[in-house]
Every structure is written in structure tokens, then in C-alpha cells.
Amino acid sequence: MPYDPPTHRVERSLRATTSARLVAGVDEVGRGAWAGPVTVCAAVTGLRRPPEGLTDSKLLTRGRRTELAEVLRGWVTAHGFGHAWPEEIDLLGMTAALRLAAERALQALPQRPDAVILDGSHDYLGAPWHVRTVVKGDRSCVSVAAASVLAKVQRDTLMAELGASHAAFDFQGNAGYPAPTHRAALADLGPTPHHRLTWAYLDALPRWKHLKKPHPLAAVPGPAVAEAEEEQARLF
């Protein structure tokens with residue numbers, strides 16, 4: 001399906017309407033996975049012409065993402081990654097875990113950005129960062145699209161490494177999402193140390209549901225928590 005390439009429209013708007021000179025695009029991956037971290041990339045791209053084919057990572061094949069990520073690592077002005085690990089997600093809830101991962105990614109940049117473009121409609125980052133949220137920013141904004149691809153490839157690589165000791169779960173193939181092999185391994189072997197233990201998938205595993213931990217925000221779920229739980233429901 002053809003799609004319009006991302007532009008610097010939002011980056012230029014921030015520069016024109018604020019004092020921002022250094023703008024970072026931020027995107028996350030792994031929010032709806034059952035295992036592994038939520039991973040955030042912050043990417044600074046300037047206003048240069050982007051590499052051919054840059055778009056939301058979900059629109060790209062695995063091979064094309066990998067190729068494009070290699071190009072982007074040399075093309076972006078700077079980029080940084082941040083992870084919030086399963087035990088942090090279980091302890092904090094998804095909204096706070098996303099913020100933690102995003103702050104880690106932004107702090108990994110060599111220079112603090114003046115403004116941040118955040119994919120989606122929910123500002124899970126907040127003050128003191130100057131944030132502009134953009135729905136489908138991973139398709140429309142160059143810096144966010146670059147962050148999308150880099151984050152996805154980084155997390156996929158990490159999940160393959162984590163899965164080396166848990167071959168039955170096929171983390172290399174499913175990146176911690178509930179594919180058939182992942183579901184079968186969970187039912188047979190139970191969760192690994194890389195699984196999120198506050199999530200609803202454990203309710204459907206009679207042998208292992210006693211391992212489920214109470215959700216820290218179960219009473220009043222925030223927008224990002226609700227989105228993640230809806231994604232779980234769709235996948236399950």
C-alpha cells in the first residue's frame with residue numbers, strides 16, 4: 001500500500017513557534033508485549049532529507065527495517081535508547097514505565113533537546129520536557145519515524161539475545177508478543193524472568209495464575225495503561 005513519506009513539518013513548526021533549536025523525535029515499542037522491556041528511542045535528525053523509504057517501522061518488513069536502521073545510525077545527528085524492564089513495568093505501571101524509558105533515552109543523547117515530538121495523543125513524558133504529541137507521528141514526522149525504526153530493531157535484537165536461554169518461547173521470532181509458540185511455551189513452562197507478571201495473560205493459565213502480581217494502577221488506569229491492556233485483549 002502506498003504511503004506518504006514523513007516530513008519535517010512539525011520539526012519546523014516547533015522551531016518557528018518556540019525557541020527550540022534541538023528537536024528530538026521519540027517513539028516506543030513493546031508496550032503490548034507479554035515479555036521483555038518497553039523500549040524508547042529518541043532521535044535527532046535536523047532538517048536534512050531523510051533516507052529513502054523511511055516510515056513507521058510497522059509498515060516495513062523485518063529485513064527492510066534492519067537495512068534502514070543501519071543507514072539511520074549513520075544518518076541521524078544523534079540517538080539514544082531507554083528501556084523499562086518487566087519488573088519496573090510491574091512495579092510502576094505502564095504510564096510511569098514509559099516515562100522512565102523515555103527519560104533514559106533522552107538522557108542518553110549527547111545534548112538535551114529543547115523540544116520533544118512524541119508519537120501518539122498521550123503525553124506520558126510531561127514536564128519539564130517541552131512536548132508536542134502527534135497522532136501517527138511515526139508516519140508523518142521524520143524524527144519520530146527514525147526513532148520508530150531504530151527502537152524496533154534495537155528491541156528485536158535485545159529480545160533475540162534474551163531468548164537464547166529460553167528457546168521454546170521463540171523470542172527471536174515473536175519479540176515477546178503472544179504468537180502461538182509463545183503461548184504454547186507459557187502454558188507448558190510458565191513465565192520466564194523476562195515476563196510481565198501483572199498482565200492479564202496469566203489469568204488464562206491455570207497452572208501459573210498464582211504467579212500473577214497485582215497491577216499497581218488497577219483501580220485507576222491511566223491512558224497508556226488502558227491502551228496497553230486493550231492491545232493485550234486484542235492479541236489474546
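Here is a short walk through the structure shown above, from the overall fold down to single residues. The model is predicted, so local features need pLDDT of at least 70 and side-chain atom pairs count only at pLDDT 80 or more, while totals for chains, interfaces and linings use all residues. Residues are numbered from 1 along each chain as its sequence is written, and side-chain values use heavy atoms, with hydrogens and water left out.

Let's begin with the whole protein. It has nine helices and five strands (DSSP runs numbered from the N terminus: H or I of at least four residues for helices, E of at least two for strands). Along the sequence they follow the pattern α-β-β-α-β-α-α-β-β-α-α-α-α-α. The radius of gyration is 18 Å, close to the 18 Å that the globule rule gives for 236 residues, so the protein is as compact as a globular protein of that length; the radius is taken over C-alpha atoms, and the rule is 2.2 Å times the number of residues to the power 0.38. Of the 236 residues, 52% are buried, where buried means under 20% relative accessible area, exposed over 50% and partly exposed in between (1.4 Å probe, protein chains only). Among contacts with a separation of 6 or more, 65% link residues 24 or more positions apart, a contact being heavy atoms within 4.5 Å.

Now turn to the strands. Strand β2 (residues 38-44) pairs with β3 in the antiparallel sense over seven bridges; pairing requires at least two DSSP bridges between the strands. In this arrangement, Val38 stands opposite Ala84 in β3. Five of the seven residues of β3 (residues 78-84) are buried, so this strand is largely enclosed by the rest of the structure.

Next comes Arg155, in helix α6 (residues 142-162). Arg155 is buried yet has no salt bridge, and the nearest side chain of opposite charge, Asp156, is 5.1 Å away. For a salt bridge, a side-chain nitrogen of Lys or Arg must lie within 4 Å of a carboxyl oxygen of Asp or Glu; Lys and Arg count as positive and Asp and Glu as negative, with His and the chain ends not counted. Beyond its neighbours within four places in sequence, Arg155 has contacts that include Gly30, Pro37, Thr39, Tyr177 and Arg196.

Finally, look at the backbone in the loops. Pro128, between β4 (115-119) and β5 (131-134), is joined to Ala127 by a cis peptide bond with omega of about 10°. Asp170, between α6 and α7 (171-174), has a positive phi of about 55° although it is not a glycine, and counts as partly exposed at 32% relative accessibility.
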